[in-house]
Amino acid sequence: SLHILNQVKNYFEKIESQNVTSSSTSNLQFIVNDIFSKILLEDSKTCKLCKLIHQEIILPPSFRIKKLANQQLQQLTKDIRANNGWQIQICIDQDGITVSHIRSEQSLEKITSLNYFIIVWE
């Protein structure tokens, strides 16, 4: 709701005025934890949606699929460290809310190799 967005905005303005940066993981973790404990209610729709936006949602199924597809596949890929390496799409429509994770991995081979490949999980 607009009220919650204003509370989050005010919180970030307060943080900014105290010269706290979110550049370090510990600061960012503190800021996020603070928002969830002070502004969002545990059973709110916003909080429930935010619980779906983390790697624990997509990693177990992707590891399971790789294991079923080929035992060696787990040791042959790595994350793609780019903006499109892991994306989250949130679609809100009259039927509800859908959260989709799209995660890309690449083989350990060089891009120029004939054995190079990319896997995209959704």
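## Salt bridges

The side chains of Asp79 and Arg103 form a salt bridge, with N and O 2.2 Å apart. A salt bridge here is a side-chain nitrogen of Lys or Arg within 4 Å of a carboxyl oxygen of Asp or Glu. Asp79 belongs to strand β1 (residues 77–79) and Arg103 to strand β3, so the pair ties together parts that are 24 residues apart in sequence. Strands are DSSP runs of E with at least two residues, numbered from the N terminus. Arg103 is buried at a relative accessible area of 6%, whereas Asp79 is partly exposed at 27%. Buried means under 20% relative accessible area, exposed over 50%, and partly exposed in between (1.4 Å probe, protein chains only).

Asp79 also pairs with Arg81, where the closest N and O atoms are 3.7 Å apart. Arg81 is exposed, with 75% relative accessibility. Arg103 forms a salt bridge with Glu105 as well, at 2.7 Å between the closest N and O atoms, and both of these residues are buried. Through shared partners, salt bridges join Asp79, Arg81, Arg103 and Glu105 into one network. The count of salt bridges by this rule is three.

## Basis of the model

The model is predicted: local features need pLDDT of at least 70, side-chain atom pairs count only at pLDDT 80 or more, and totals for chains, interfaces and linings use all residues. Residues are numbered from 1 along each chain as its sequence is written, and side-chain values use heavy atoms, with hydrogens and water left out.

## Nonpolar surface patch

Leu52, Ile53, Ile57, Trp86, Ile88, Ile90, Ile92 and Ile97 make a nonpolar surface patch of about 650 Å². Patch residues have over 30% relative accessible area and no salt bridge; nonpolar side chains (Val, Leu, Ile, Met, Phe, Trp, Tyr) are joined within 5 Å, and like charges within 9 Å. Accessible areas come from the Shrake-Rupley method with a 1.4 Å probe, and for residues only the protein chains shown count as cover.

Strand β2 (residues 86–93) gives the most to this patch, with four residues. Ile90 lies in strand β2 and is partly exposed, at 37% relative accessibility.

## Ser100 in strand β3

Ser100 is located in strand β3 (residues 96–107). Ser100 is buried, with a relative accessible area of 18%. Leaving out residues up to four places away in sequence, Ser100 touches Gln87, Ile88, Gln89 and Glu122; contact means heavy atoms within 4.5 Å.
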